[in-house]
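I wanted to go through the charged pairs in this one. Here are my notes, pair by pair.

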Amino acid sequence: MRKLVLFLHASLDGFVEGPNGQMDIGWISYDAELEKHAKEILSTADTVIWGRGTYQMMHNYWPSVSSKPSASQHERDHAEWIEKTSKIVFSRTLEKVEWNNSRLVKVNVKEEIKNLKQQPGKDMVILGSPRFAHYLMQLDLIDEYKITVSPVLIGSGLPLFQGLKEKINLKLIENKTFDSGAIGLVYQKVR
């Protein structure tokens, strides 16, 4: 059975976005070592799960990266990966999605995720979309939490965890310390 994996960056004080919204992520300790770590995580997935806002932001940026002379090799590789990866967008307000290999789901989120887990393939990754991730946490649908904690306190913003009504037991299955001081944590839901 496929897993639904949440992959997010967080500050040490538990925020995934700064006080100025989804573009306020300049505090992430992103370097070549974290690029390699992200590539390893994404290599285990063949489907990206997004909410509306993250889909629109990603669609406005990534399709043009390969034609930008200033793009790094990592950015070009990621753009190629994301272009061929299945993208499932959950939104009640979007009418259509136009990116290659994208599909829109407007209703029955819980049933759709459960059906996707039963299909053959690699894992599915929630890449960003923290607000949608909060909703999926409340529905108890996330199987693994892959969180990279940056060594910074930002004071306010969007919390990593929000709106949970019940306790979710997790088991630490991996941790890595990076030269930047960031820590990569992998927690699996205890079933």
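**Entry 1. Count.** I am working from a predicted model. As background, side chains of opposite charge can pair when their charged atoms come close.

**Entry 2. E17 and R131.** I checked E17 and found it in a salt bridge with R131. The closest N and O atoms are 2.8 Å apart. E17 sits in strand β2, residues 15-17, and R131 in helix α5, residues 130-138, so this pair ties together parts that are 114 residues apart in sequence. Next I asked how accessible the two partners are. E17 is buried, at 4% relative accessible area. R131 is partly exposed, at 47%. I read E17 as buried because 4% falls under the 20% cut-off.

**Entry 3. K84 and E80.** Which residue does K84 pair with? I found E80, with 3.8 Å between the closest N and O atoms. The cut-off is 4 Å, so the pair counts as a salt bridge. Both residues belong to helix α3, which spans residues 73-84. They are four residues apart, about one turn of the helix. K84 is exposed, with a relative accessibility of 56%. For E80 the value is 49%, which makes E80 partly exposed.

**Entry 4. K117 and D143.** I then looked up K117, which forms a salt bridge with D143. Their closest N and O atoms are 3.0 Å apart. This pair links distant parts of the chain, 26 residues apart. K117 is in helix α4, residues 109-118. D143 is in the loop between α5 and β7, the latter being residues 144-150. Are the two partners buried or exposed? K117 is buried, at 7% relative accessible area. D143 is buried too, with 9% relative accessibility.

**Entry 5. A network.** I also noted a group of linked residues. K3, D123, E144 and K146 are joined in a network of salt bridges.

**Entry 6. Helix α5.** I went back to α5, the helix that holds R131. Which of its residues are buried? I listed P130, F132, A133, H134, L136 and M137. R131 is partly exposed. After α5 comes D140, and I noted its positive phi, near 60°.

Terms used:
Residues numbered from 1 in each chain as written. Predicted model: local features only at pLDDT ≥ 70, side-chain atom pairs only at ≥ 80, totals over all residues. Heavy atoms only, no water. Salt bridge = Lys/Arg side-chain N within 4 Å of Asp/Glu carboxyl O. Helix = DSSP H or I, 4+ residues; strand = E, 2+ residues; numbered from the N terminus. Buried < 20%, exposed > 50% of the residue type's maximum accessible area, 1.4 Å probe, protein only.
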